[in-house]
Amino acid sequence: MKNIIVGGGRVGRELAAQLPESVIIEINAGKREKLSELAGVDVIIGDGSDEELLNRVGLDNVRAFILLTSNDDVNYRAAAIAKKHGVPKIIVRVEDPEDRERFQKLGTEYIMFPTKIVANLIGDLLHSGAGETLSLFNKLLVPILSENTVEKAFKEALLIASVARAEVTAISSTDIDNQKMKSQAKEMGVPLKILLEEEKLGSIIKKHLHYPGCIIIDHVKEHSYYPDCVIIDHEELGILDKLFKRSVVLRLIKCASCPVLVARTFRYYERIIALLDSSEISKSVGRYSVQMAHLCGADLHLLILENVPGERIDGIKKMGEKGNVRIIEKWIDGNPMIEVAKEVKSGDYELAVIPWRGTGVVGSDLIRKIVNDAPCSVLTVV
Amino acid sequence: MPMILSPYFPLFAIVVFAFLIPILSDRIGVPAVVGEIICGIIIGRSVLGLFTGEEEGIAFLASFGFIFLMFLAGLEIDFSQVEVQGAKLFMFGTLVFLLTLAISMSLMHQLGYGFYMALVLSTSSVGVIVPAIREQGLLKSEFGQRIIISAFVADFTTMLLLTVHTLYHEEGISWEMFLMLLVFILFFAVYYFGKLAIWRYPERLSKWFKSGHPSEIGVRASFALLLVFVVLSDVVGVEAILGAFLAGVILSLLFHGGTVLEQKLYGIGYGFLIPIFFINVGMQFDLWALTRGWIYLVPMLLVIAFVVKIVPSLFFIAKYSLKDSISAGVLLSSRLSLIIAMAAVGLELGFIDTAMASAIILLAIITSIICPTIFRWMHLDK
């Protein structure tokens, strides 16, 4: 299985260096020499949106088709051809955020907006100099429960940290490949601190599941560390675990005083949904969701569950305007519990921002269900 | 006789009164329910003797109105508040109720009455208490929630104990007593599968709750659920009102209220069936039985009704002032639907006689008027 990268610019080169079994298609023959230096990478000079060329390269045995040219039209045509040939994973870099809908209609799974992310980052740098913007995600904590976490929650933490310019602290154990984590963090330019435990973290937590506080949070407090957000893996629960409430994730969310993100997406979010009601906590839900949408250059869909004071929605919109976030309001007609389940399960979003405690219109049972079973990442706000 | 003119005449008269009473009650400043009972007394056997309440159709509609009232009582409980405030409020409510029951039992025993009367006097009325608290702007306060949850615990536990007591009285301790568990098993099964359905099939359920479904399928489903519980309760010998109440609780737990469907059910209940029940209660009220040497019953019950609620409410003193604690006790002393229901059940099963049943109804009328008034007066300076 190979990866096809269309566009041999800096990003393309960086990526090909990480993915040795790759084919790079570059239109500019002058770049051939530089690209040929990459070990294990085939370089083809030509138009990446030319179907004949793509057929020659072969689209049958492709793991991922990655479009990185700075021309949205080329990317669009190439993505359409790959879609037609049933390539399982198509990742597109889109320059103009207004092109989003065109790519979404095409059904491409992964769309990235580097322009928007970079613009937002630079905007933040300028603002923070004047003390105007305070990021809500400066210190991220990732409990490394198993090797899988390095691939999942840790990866999602690095993505967020890279755009939020945050530091990541990982609580890990000696059986985990900590060197791999260090190199991943270094590649993404994220400061990483590892707190090592001798015993496996998963076993420590399970052992202390009925401890009055949360063993992870209390442990880092001993190091005078107070995270802004804890990022943890999605957890598979059996019937007995559900019955006896043996959920590590729910236990952690229950006693953490900061938001907890259950990682399931492992990439930048494009569409974020936030549940908004008339309770006080919805202010925080609004703040965190705008911040996350701002960092990832995502669209924010506000699911308004009941009569929310107009000034609250206006406040969120203002935050959105300031953070260059497109906000889409959606008022519910029908039962909020059912509509929330419908929206969150729709697969249209990469992140759901939800209030943790039951707030009136959405019961805590449904909140727990979303945390355990939603198809997207979930950020619980307390 | 006008009744001969049309079999619908009694219903016609009742619905016209049901229409006029809220307008008049509003002017006088008494709850509409009280107006309905007083109207029933006037047109019933005690005063004008126009109707007996036993007319064909009226008796059935009144009895179904009673079941529907209990269904709506369950539906009106706001479980989200319990979720937000946690179990400690429930513990507090239970403590208050246990002390109420203990004092009630001891006083009733001294006066030569049995356990049934102790139960009757332990009831409260969520229906009277919630509007009074809302009027004072205390609905979202912890004080307000404490009172509401104490009233809810009192009503629910009394209803449960009423069922156990009735079964014990009729069958003694027999295996049939355990049949009542079937109702609770059904309750948990419907709740569990309902939750599952919301998560698994939100699209299908969604249309039930939206306005304008041509077949009003949501209303039909609610009636079906109500009747399943009522019929099962009847079959296993449990009070039908408990089944109806549990059906309402399920809807409240699953869907958390605030829906178009709920408004439609309120419309059917409070707009048609429930006034028939309360007017019928008045029609069957035996004023003369009270005056035949039993009039002392009312002041006696009134004093006990206040004592059994105010003394336990002194628990409020741990967090609130003495005046607030007493005001909570006074408000918890209001009784209406459930106590009237218990009078009806007690009369039917022979636990109490007609004079006592009438005294209980009069107690309900008096407390539902004066308790919210005293509560309002005690909170005037705030």
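Me: Which residues of α16(B) are buried?
Reply: This model is predicted. A residue counts as buried if 20 or more other C-beta atoms lie within 10 Å of its own. In α16(B), the residues that are buried are Leu301(B), Ile304(B), Ala305(B), Val308(B) and Lys309(B).

Me: Within what arc do the buried residues of α16(B) fall, seen down the axis?
Reply: The view down the axis shows that the buried residues line one face of the helix. On the other side of α16(B), Pro299(B) and Val303(B) are exposed. The buried residues line one face because they fall within an arc of 120 degrees.

Me: Against which helices of chain B do the buried residues of α16(B) pack?
Reply: Packing is judged here by contacts, with C-beta atoms within 7 Å. The partners of the buried residues of α16(B) belong to chain B, and they are α6 (87–110), α7 (115–122), α17 (322–332) and α19 (354–378).

Me: What span should helix α16 of chain B have, at 1.5 Å a residue?
Reply: Helix α16 of chain B covers residues 297–310, which is 14 residues. The expected span is 1.5 Å times one less than the number of residues.

Me: How many helices and strands does chain A have, and what radius of gyration?
Reply: The secondary structure of chain A comes to 17 helices and 16 strands. For 382 residues the globule rule gives 21 Å, and chain A is close to this, so it is as compact as a globular protein of that length. The radius of gyration of chain A is 22 Å.

Me: Which strands stand at the edges of the open sheet of chain A?
Reply: The sheet has 6 strands with parallel pairing, in the order β3-β2-β1-β4-β5-β6 (chain A). A strand at the edge has a single partner, so one of its sides is left without a neighbour in the sheet. The edge strands of chain A are β3 (41–45) and β6 (110–112).

Me: Which residue of β2(A) is the bridge partner of Ile4(A)?
Reply: Strands of a sheet pair through backbone hydrogen bonds. Strand β1 (residues 2–6) of chain A runs parallel to strand β2 (residues 22–26) of chain A, and 4 bridges join them. In β2(A), the bridge partner of Ile4(A) is Val23(A).

Me: What angle does the direction of helix α4 of chain A make with that of β5(A)?
Reply: Helix α4 (residues 72–84) of chain A packs on the sheet. This helix touches β1, β4 (62–67) and β5 (90–93) of chain A. With the direction of β5(A), the direction of α4 makes an angle of about 175 degrees.

Definitions and conventions
Residues are numbered from 1 along each chain as its sequence is written. Chains are lettered from A and ligands numbered from 1 in the order in which they are written. This is a predicted model: local features need pLDDT of at least 70, side-chain atom pairs count only at pLDDT 80 or more; totals for chains, interfaces and linings use all residues. Helices (H or I, at least four residues) and strands (E, at least two) are DSSP runs, numbered from the N terminus. The radius of gyration is taken over C-alpha atoms; the globule rule is 2.2 Å times the number of residues to the power 0.38. A residue is buried if 20 or more other C-beta atoms lie within 10 Å of its own, exposed if 12 or fewer, and partly exposed in between; C-beta atoms are placed from the backbone. The arc is that of the directions from the helix axis to the C-beta atoms. Two residues are in contact if their C-beta atoms, placed from the backbone, lie within 7 Å. Two strands pair if DSSP finds at least two bridges between them. Axes are lines fitted to C-alpha atoms, for helices over the stretch in contact, and angles run from 0 to 180 degrees between N-to-C directions.
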